Every structure is written in structure tokens, then in C-alpha cells.
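Work through the following exercises with the sequence and the structure open beside you. Each task is followed by a solution that goes step by step.

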Amino acid sequence: MQAILMSFFRKAFIFLLISAMTLYGIENRPKIGLALSGGGAMGFAHVAALQVIDSLGIPIDMIAGTSMGGLVGGLYAIGYSSDQLEDLSRNIDWLDLLRDMSPRQELPYLLRQHTEKYQLQLGIEDLRPQFSSGLIQGQKIGLLLNEMTLKYSRIRDFDQLPIPYRCTAVDVKKGDLHILKDGNLAKAMRATMSIPTVFAPVEWDSLLLVDGGALNNFPVDVVKDMGAEIIIGISVATTTDLKNESSFEILLHTMNMIRNHSIAQNGRRADIHIEIRLNGVTPADFSPEKIEEALRQGKETAVKMAPQLAALQKKYGLYRNDDPEGLISENILLGDFLVAGNLSLADSLITAETSINAGSHYHSDSLKAYLLKLNKKFPTRKFRFKLKPAPKTGYANLLIEVVENVKPVIHSIEIVGNKRLSFNFIYNLLGISPGQNFDGVILHSRIKELYSLGYFKRITYELEPEKEDRVRLKIIVEEKPDHTLGLGLGFHPDDKTMLGIGMRHLNIPFAGSNLDYHLILGRRLGFQLIYNYPSRSYDMPVYPLLRIDGDRRIRPLLMPDGRNLGDYRFAMVKMSAGIGMQAGTFWNLELLLTDYYFNMQSTIAQSNIIHYPHQSERIRSISMCWTLDRFDNRLLPRKGYELDIQYQNGLTSLNSDRDFDWFQISYDFVLPFGNDFFWRSRFLGNTALGELPWGLRIEHLMRFDFYGFRPYYSSKTDFAYLMSSLRWDLSSFLYLQAAINMRFNEQYHDFRSDEIIKLHQKGFAISIGSLNQLGNFELSLEDDFSTKGIAPNLKASIYAGFAL
């Protein structure tokens, strides 16, 4: 009997020993934790350091990250390799990703006319301003994170990810640090990188979460609490001094000073601390060149630490099992049963095919048989297994990865978060219906189009399996206020300092209508009121339009030789009513009946055709304006073109003071040469039959700026202007420009000889400028090289602000 018992215990001991040795070796080596610090754009260096760790084959059992470290760590935890993360770092347009505004080319035509107009815009709700909780709402990056984590979107416990994961965030309501360990993974990653006042905070149940770096920028302690026995910490910091940079950079540098204290404290607790100090890279440097530099310096530092990593690996036998199926040949002890990638197949349908339970002993052949059974029952999918060690348990979790080869069918669509906009309105705009196959690319495209209409702060989505091959699609929206206040400042050589105030009202007095009005105060006084009804989706090809414009400007009466003969005051009131038509997002046609009233006063009296001490005119006309706008930026375009064609017919039969036919065409285009040089040309031509009113001529010419001369004293009705410029972008916000203008078939009145002189003028300018959050600032040195012996007119001019 004693021999039988000894034989039983001997066999049991050998079985347990083999099980322990074959279970990835997790009982024979310590658990390895990885801690990644925050640091904005400097966090790309984490990716390069991970490549060095991966090249050594060191396994990572758990990850904790903050801010950018939380983003990198979260993607690494769900299976993105360090090489894939490097590709994402290089191929994503991070500068565009960190802007909420849709690209100008994607905006509906009527909306793009309001871009780049004011430095400050505030939502108004219940007569109270709604100050933004961050410069960036995070729409684009939130949508990208949704896409990248979609495969694991149904896993709510971060311990059940391929690598257990944590990220840090701070509740701004109470100032408490929170360790996010469950919930929506994409939302958690978005919360940990929400730099206060830069990114809008993330609502998380009753919490309002921002970047965790304010209280714990280097979560070594967090990964220690997860069960890590050996901790590899990677931190990033900059050695670059702050040099009068943008408010964004000042804020990030200030936060970095706080975060560096956390790095110094927690870095001592790491067994190996890869401390990456970046030269010439700051938290705000998301340009491709700076990202490349962060990757390079990160790899250099990590390679220097490779001998220490290799010594740790040899000491504890830290070697990764890269078996693609994660299967082993011996009996194992199983922990949790995890499923990922099943968008339209419920977990219960997968687990129903087996009796696997936690604590079960399974042979690899049993797992392979189960794999074949699943592939046979669900032929439109591919199943594969991986075994992942479970922290602190001695078990291995069984992960079943599902690859769906057929797109699931949308069973139902739910919309939540809408308060003023109806379900039907949002649903019709979305353009996706139950019964269609789910396509992530199409859904993202439709969400981008929906967001570009300007009704929403944020739009995201979630998927839930309904039954086999069917999913429920939930669209989550947050609406913008219906009223927006705009404030802006500008400076023009002729108009001097200007203050702009604008209000935009949506859905007043009924859904779908837009009411906009703008005021300009200063030496120049102006107002504009536009009311239209293009439909709430901007898809109605024909819409009613009402517009009232008023403008009062004071202009010098300049001669080509630079003499100022005095000022004249130009005032105009214009009321227009008619219809507009649009197609796509880039062209618009307006047919209007217009009533003008002009008043011009001059400080001099001359008996000529050009100027009078006082002149008033009333013009009634039928007009047509067709505009094709493909510019990417209104102030300083880098590509695209704009074509504008106008025709106006003044009729005395409509009680107009004059009969005339007037035609104007302008064409403006930009051609890029490489990434830094841009050639721009602009043509403006006019012709008229009959006596064109002076007020109308001046009103249209005031829309354009020409270097070297001001076109306010022309006495011709048929003339043309051409401007060409070459711009060199020295950086993302500083440029140099050289421009030349030519004016053909012009004539002016020489008051000294009382003669009408024909003239072909040439103007030239060299400019230095900056485009930033306050608009475009440009300092130009201009000269007028004229014919007929007229002397050059050298002067300096300043243009600043937005397009008021």
C-alpha cells in the first residue's frame, strides 16, 4: 500500500512539475511590467525603445502608461507590434489629427465661407457663453482610436486584453488620480492623453477626466500593483529650452516641469529605467521631422541600455514564446476564457461549443480539435488560439482571436446623446441603414461628413453583436449650441485697426435655416446680414437667400506718383434677395435682385469724370455670381484654386439711375513645389457696356489687395490685374514671399496737366509673414514701378488678422 501511495505522489509531482515548466515558463521567471511616461510628441521615442526590447525577445506581461505613453501602451497591449507602431508614427498626419476642424475642402460651401474669420468663437446657450473645456475636442483622434481598437472594443476588463493594461487619468472635479482598468479601451486612451485646456476632458460615469500626468506621469507604482516583479520603465523628457513659443507649447512645458518631478520619484522604483532625454524635440512637436527625430534619439538611448536589458534577460530567463498559435504539447492549467475580434458573434455562441472552464486541464490536441470545430461551424470566420499568463495566478488565459472574413449585417441603429436634433434628421444624414453590411471605412467617412456640417462637438460609435452575422450600431453624439459668437481683430494699410463681431444662429426661426450677421468697427464700418435655408443637411440644390450689406470706408485719393490729394468717403447699402444653388461642397451659384445705394464724398472738387465733391447713386440690377472654391485655406492656401464669375445688369426700367452690363472674372490658384515653396497667381478682369456706376466699381475693387498700388482712382471700365507671388515657408508658422503685380489698360487723371494718361503699372513687394492662431500677420515692403516717367513709390505695409 505504501508503495502504491509513493508511486501516486511521485506521478502527481512529475505532472505538476511538467505543467509548471511548460506553462510559458511563467513559474520559472518573474512577471515583467512595463511603465511608459507621458510627454506629448516626445512619446514617439517609446516606440523606438520598444523595438529594442522586442529585438531581445523580452516578454512583457503587463503595461501601465500615462498620456502618450498610455496611447502607445494601449496599442501594444492589444497586439500592435513595435514595428507596426513605428509605421503608424510615421504615416499618420498627427498635425491634422490634433485639429477638430474638418479640412476646408470637405466643408459645405456655405460653411467654409465662415472659416478663418474670427480669432475667438464661443457657443451661446440660454444667453450665456459656453466656454470650451479645451482647444481640441478630440473628434479625429477619438475616431481613429475607435478604429484601431475595434477588435477589442467588447472587452471591458483590461486584464483580459492580450497584455493586461492600465492608464492614469485625473478627475478635475475632485483632483483625484484614477487608474483606468476597465471600460471602453479607446475612451480610456483618449482620457489619459487629455492635456488640460488643450484637449477637452472625457466624461467617465460621474468623473471628468484629464491627462493623468498632472499627478502621476510615470506609473511605475501602478504596474507594480498589477503584480509586476521586474519593472522596465521608459520615460521621456526634453532638454530644449522654451523660446517664446505658442501658448500651446508654454502650457506643455509648464506641465512637463510638474511631470519631471514624478519621473524622478518613480524612476527609482524601476529595475531598469530607460531615460530618454530628447534634444530639439518638445511635447508639441508633432511634425514629421520631429517625430523622426524622437524615434532616432529614442532608439539611440535604448540601444545603450541593451546590455543591461540582456543581463536581466539572462539572469531570469526572460524569453518570449512566439508560437503563433500559442499552443504547447503538454497538459496545461487554464484560467479565463477570452474572446476578441468577434464583431457579430456573441461570446456565448463560441463558448457553447466546448466544456472549457477555469482550472481545467487540457491537452494541446483537445484545443486543436476545438479550433477545427469552430472553423467548421462558422466557415466565414477564422479562429486561432493564444495562451497568455494571468498575473498573480499561475494560470494561463486562453485567448480566442476571431477574424471575420465576411462583413456583418447591421441589424439596428441607435442614436444617443441628441437633444435638439431628431433621430430622423441624424439618421438621414448618416446615410447608413439596417440591412447593409457593416463597413468601417464607409462608416468613418459618413461620420466625418456628418461632423463637417457643424452641428456636433463629437461623434463616435459602438458595435454590439445581435446574433450570428448581425450587429447593433450605436451612434453617440454631443451637439453644439445653436448660437455662436465670433470676435476678431484685423489691420489693413487703408482701414487700419478693425474689430469684427459676428453671430451665427442655426434653426431660427425654423429647423434648417441659417442667420448670420457680422459687424466691423473702426475706421471702417461695415455690417452684413445673411439669411438662407439650404436644408439642414446642405443637400438641397436650390435654396432661398436674403442678404443685406453695408459698408463705409475712408480712402486716400492716391496718384501713381505717390501724391495724396485728399480723402474720399465711400458708403454703400445693398439689399439682395433671390435663390442660390449648390452642388457638392465646392461650387455655388446665386441669382439675385439687388438694390444698391451709394454715397461718395471727396475733400477736393475737380471738374473731371473721376471724382466729385459729393455724389449719390441708386442702382437696381439683376445679378449672377458663380463661385468654384477648392482652396485648402482662406488666408494662406497651400493648394487649390478659386474661380469667381459675376455678371450684373442695371436697368432703368427697375428705377435704376443707370443702364449698364458689367462682367467680372477672377481666377486665383496655388501650385506647390515640394513641401516649402508655393507659386500663386491671381487674375482679375472687368469689362462693361454702358456707364458703369463709380460706386459699383469701387465696391468690387475693394475686395482685392494688390501690392505696390491701390486701385481706387481708375477711370477705365475695361481693365485687368495680374498678381504672381512665390512663397517660401521657413517653418510651420513663418514665411517669406516675393510678389509682382501688373495692371493693364488703365488710365488715370493727372490733375497737374488735366490730362487722361494711359498707364500700365507694375507693383512689387517683398514680405515676411506668420500664420498662427491669431490669423495672418504680414509685413511688406512695396514699390510701384510705373511707366510714363512716374517715380517709384516705396512704402511699408502691414496686414494682420483674419478675413473680416
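**Exercise 1.** Find which residues Asp644 touches, leaving out residues up to four places away in sequence, and decide whether Asp644 is buried or exposed in this predicted model.

*Solution.* Begin with the location: Asp644 is part of strand S28, which covers residues 640-650. Next, list the partners beyond four places in sequence, which are Cys625, Trp626 and Thr627 together with Gln664, Ile665 and Ser666. Then turn to accessibility: because its relative accessibility is 13%, Asp644 counts as buried, the cut-off being under 20%. Finally, look at the polar contacts of the side chain, where Asp644 is joined to the side chain of Thr627 at 2.8 Å and to that of Gln646 at 2.9 Å.

**Exercise 2.** Locate Val210, classify its burial, and state how far apart Val210 and Met193 are in sequence and in space.

*Solution.* Val210 lies in strand S10, residues 207-211. Its relative accessible area is 6%, so Val210 is classed as buried. Setting aside neighbours within four places in sequence, its contacts are Ala169, Val170, Val172, Ala191, Ser194, Pro196 and Pro201. For the distance, Val210 and Met193 are separated by 17 residues in sequence, while their C-alpha atoms are 7.1 Å apart.

**Exercise 3.** Identify the residues that form a nonpolar patch on the surface, and work out which elements give two or more residues to it.

*Solution.* The patch consists of Leu671, Phe673, Phe677, Trp679, Leu726, Trp728, Leu730, Leu736, Ile768, Phe777, Leu779 and Ile798, and together these residues have about 1,000 Å² of accessible area. Two or more of them come from each of strand S29 (660-673), strand S30 (677-690), strand S31 (719-729) and strand S34 (775-785). Ile798, which also belongs to the patch, is found in strand S35, residues 795-801. Because its relative accessibility is 32%, Ile798 counts as partly exposed.

**Exercise 4.** Describe the protein as a whole: how many helices and strands does it have, and what share of its residues counts as buried?

*Solution.* The count of elements gives 17 helices and 35 strands. Of the 804 residues, 53% count as buried. The accessible surface comes to about 35,500 Å², and carbon and sulfur atoms account for 57% of that surface. As for contacts with a separation of 6 or more, 65% are between residues 24 or more positions apart.

How values were computed
Residues numbered from 1 in each chain as written. Predicted model: local features only at pLDDT ≥ 70, side-chain atom pairs only at ≥ 80, totals over all residues. Heavy atoms only, no water. Helix = DSSP H or I, 4+ residues; strand = E, 2+ residues; numbered from the N terminus. Buried < 20%, exposed > 50% of the residue type's maximum accessible area, 1.4 Å probe, protein only. Polar contact = N/O pair within 3.5 Å; in protein donor to acceptor, adjacent residues only side chain to side chain. Contact = heavy atoms within 4.5 Å. Patch = residues over 30% accessible without salt bridge, like charges linked within 9 Å, V, L, I, M, F, W, Y side chains within 5 Å. Areas by Shrake-Rupley, 256 points an atom, 1.4 Å probe, with all protein chains shown as cover. Salt bridge = Lys/Arg side-chain N within 4 Å of Asp/Glu carboxyl O.
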